[in-house]
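Have the viewer open and follow along.

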Amino acid sequence: MSATNWPDSLKNWVTQCLQQMTVLNKAEAQAELKEVIRAAHADGSMWTVDWSKRTLKSLEPKPGFNKRKNMDSVAAPAAQTNKKAKKPALAATTLDSNAE
């Protein structure tokens with residue numbers, strides 16, 4: 001099964017899949033990609049599948065995993081707590097200096 005015998009739509013889809021892969025999902029995505037292509041070749045559907053609409057499960061976002069959201073939710077309360085703690089301290093200092 002040589003890639004030179006693949007339809008252009010399949011070649012483009014493979015390229016897009018490869019570009020979406022990260023260090024975290026690369027092994028799983030490559031294995032799934034190979035299996036999808038092998039199955040399409042075996043059942044003769046390589047030329048009939050609309051590859052532009054095909055997705056790999058391993059490249060879909062994982063539910064509940066959003067690194068940025070998780071990091072913001074962890075960091076934000078600490079930052080707010082520090083700011084709130086500083087404001088009363090500054091106010092007390094200002095009042096003390098005005099009393100003198």
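Which residue forms a salt bridge with lysine 53? It's aspartate 50, and the closest N and O atoms of the pair sit 3.3 Å apart. Keep in mind that what you're looking at is a predicted model. Lysine 53 is exposed, with a relative accessible area of 67%, while aspartate 50 comes in at 40% and counts as partly exposed. In general, side chains of opposite charge can pair when their charged atoms come close.

A search of the whole structure turns up two salt bridges, so let's go to another pair, given that a bridge needs nitrogen and oxygen within 4 Å. Arginine 38 and glutamate 35 bring their side chains together in a salt bridge, at 2.7 Å from N to O. Why do these two line up? Both belong to helix α2, which covers residues 26–43, and they are three residues apart, so about one helical turn separates them. Arginine 38 is partly exposed, with a relative accessible area of 42%, and glutamate 35 is partly exposed too, at 40%.

Now turn from the charges to the nonpolar side chains. As a general matter, in soluble globular proteins nonpolar side chains tend to be buried together. Here, the largest nonpolar core has 15 residues, and the ones with the most contacts inside it are Leu10, Trp13, Val14, Leu33 and Leu56. Helices α1 (8–20) and α2 each supply at least two residues of this core, with α2 giving the most, five residues. For a look from a single side chain, pick valine 14: leaving aside residues up to four places away in sequence, it touches Trp6, Leu33 and Ile37.

That brings us to how the two helices sit against each other. Two packed helices are described by the angle between their axes and the distance between the axes. For α1 and α2, the angle is about 165 degrees and the axes are 11 Å apart. Anything over 145 degrees counts as roughly antiparallel, so that's how α1 runs relative to α2. The crossing of α1 past α2 is right-handed. On the α1 side, the contact is made by Leu10, Trp13, Val14, Cys17 and Leu18, and on the α2 side by Leu33, Val36 and Ile37.

Note on methods. Residues numbered from 1 in each chain as written. Predicted model: local features only at pLDDT ≥ 70, side-chain atom pairs only at ≥ 80, totals over all residues. Heavy atoms only, no water. Helix = DSSP H or I, 4+ residues; strand = E, 2+ residues; numbered from the N terminus. Buried < 20%, exposed > 50% of the residue type's maximum accessible area, 1.4 Å probe, protein only. Core = buried A, V, L, I, M, F, W, Y, C linked by side-chain atoms within 4.5 Å. Contact = heavy atoms within 4.5 Å. Axes fitted to C-alpha atoms, helices over the stretch in contact; angles between N-to-C directions. Parallel < 35°, antiparallel > 145°, perpendicular 65-115°, else oblique. Left-handed = near helix turned anticlockwise from the far one by under 90°.
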